[in-house]
Amino acid sequence: MYKGDFAQSLNAYLNALKIFEQLNEEISIAKLEGNIGQVLLQLQDYEKAKYYFIHSLHIKQKLKDKRGINNALMNLGSLYYFLYKM
């Protein structure tokens with residue numbers, strides 16, 4: 001991630017996501033979507049963050065990636081923490 005420049009990070013991740021979607025690289029897509037969700041969380045765009053976290057979780061569940069599932073659930077937990085902290 002570009003330090004402190006969330007817009008630039010988001011743009012780079014979205015560009016990479018397009019490439020991996022064309023290649024149908026599901027594990028890379030899932031990882032990128034988690035990263036995109038983290039950036040959106042920092043930008044306080046909670047609905048979009050939720051979308052990316054949930055989509056990432058679904059891919060990781062499909063692939064039976066236990067560590068990835070754990071990470072995706074932790075991302076969702078962070079999201080809900082921010083939402084209900086407010």
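The model is predicted, so local features need pLDDT of at least 70 and side-chain atom pairs count only at pLDDT 80 or more, while totals for chains, interfaces and linings use all residues. Residues are numbered from 1 along each chain as its sequence is written, and side-chain values use heavy atoms, with hydrogens and water left out.

Helix 2 (residues 26–42) and helix 4 (residues 66–85) have axes that come within 11 Å and cross at roughly 15°. Helix 2 is therefore roughly parallel to helix 4 (angles under 35 degrees count as such). Their crossing is left-handed, meaning that the near helix is turned anticlockwise from the far one by less than a right angle. Gly34, Gln38 and Leu41 of helix 2 meet Asn75, Ser78, Leu79 and Phe82 of helix 4 in this contact (heavy atoms within 4.5 Å). By class, three nonpolar, four polar and no charged residues take part, with Gly counted as polar.

Two salt bridges are found in the structure, each defined by a side-chain nitrogen of Lys or Arg within 4 Å of a carboxyl oxygen of Asp or Glu. In one, the closest N and O atoms of Lys62 and Glu26 lie 2.6 Å apart. This pair links distant parts of the chain, with Lys62 in helix 3 (residues 46–62) and Glu26 in helix 2, 36 residues apart. Lys62 is exposed at 56% relative accessibility, whereas Glu26 is partly exposed at 23% (buried is under 20% relative accessible area, exposed over 50%, partly exposed in between, with a 1.4 Å probe and protein chains only). Asp45 and Lys48 form a salt bridge with closest N and O atoms 3.9 Å apart. Asp45 is partly exposed at 25%, and Lys48 is partly exposed at 48%.

Notes. Axes fitted to C-alpha atoms, helices over the stretch in contact; angles between N-to-C directions. Helix = DSSP H or I, 4+ residues; strand = E, 2+ residues; numbered from the N terminus. Parallel < 35°, antiparallel > 145°, perpendicular 65-115°, else oblique.
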